[in-house]
Amino acid sequence: ITAVPEPRPQMPGDLLSRLCAAATATPFGVKRFSQPQMGAALLAELRRDTFDVVICDDIYMFGNLPAHTDAPILLNKHDLTYEIMERYAAYESNPVKRAYLCLEARNVKHWEVRVCDAAGAVFACSERDRHIIRELCPRTTVCVIPNVIDVERYQPLTPASAPDADDGRTLL
């Protein structure tokens, strides 16, 4: 394990970063999560050892990967990021924020398509997402791996066995 600290945006730097990203085609999230320290750590690992596959956990992390790897990249898509942004924009009442979100959603969609096209395969969490990714990226191999939990193994605690239980309600 190589630990790389997550970048922490701070106001007003976060606002400035968002405005600068809006002036380009690169989404803010890519700029936020692509960092030289992470890219260097990945490159060092890829040079140090041979890997059968590299699993990239969603589109914003993709910016840290070197341009070329010997191992295929599998992209884990637990959602359609651009779609979430479009939905958020549709309900935003502030017109300035809504305009920013619409622009960012467009940039994210272009990035998402680019990343899905570049991946050796994409793991979608639903048949619906697989269908949409295939429409956007017809040459991309997309497999459905649902988000699930083993309900037999992970049973909630009963109120009597749960320390500090106050009303018997549980969240799993």
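**Notes on the predicted model**

1. Cys102 is partly exposed, at a relative accessible area of 45%, while Cys125 is buried at 17%. Here buried means under 20% relative accessible area, exposed over 50%, and partly exposed in between (1.4 Å probe, protein chains only). Counting a disulfide as a pair of cysteine sulfur atoms within 2.5 Å, the tally is 0 disulfides.

2. A word on ground rules: this is a predicted model, where local features need pLDDT of at least 70, side-chain atom pairs count only at pLDDT 80 or more, and totals for chains, interfaces and linings use all residues. Residues are numbered from 1 along each chain as its sequence is written, and side-chain values use heavy atoms, with hydrogens and water left out.

3. On the fold, you get 6 helices and 4 strands, taken as DSSP runs numbered from the N terminus (helices: H or I, at least four residues; strands: E, at least two). Starting at the N terminus, the order reads α-α-α-β-β-α-α-β-α-β.

4. Take contacts (heavy atoms within 4.5 Å) between residues at least 6 apart in sequence: 48% of them join residues at least 24 apart.

5. The accessible surface is about 11,700 Å², with 57% of that belonging to carbon and sulfur atoms. Areas come from the Shrake-Rupley method with a 1.4 Å probe; for residues, only the protein chains shown count as cover.

6. Ile149 sits in the segment after β4 (142–144) and is partly exposed, at 47% relative accessibility.
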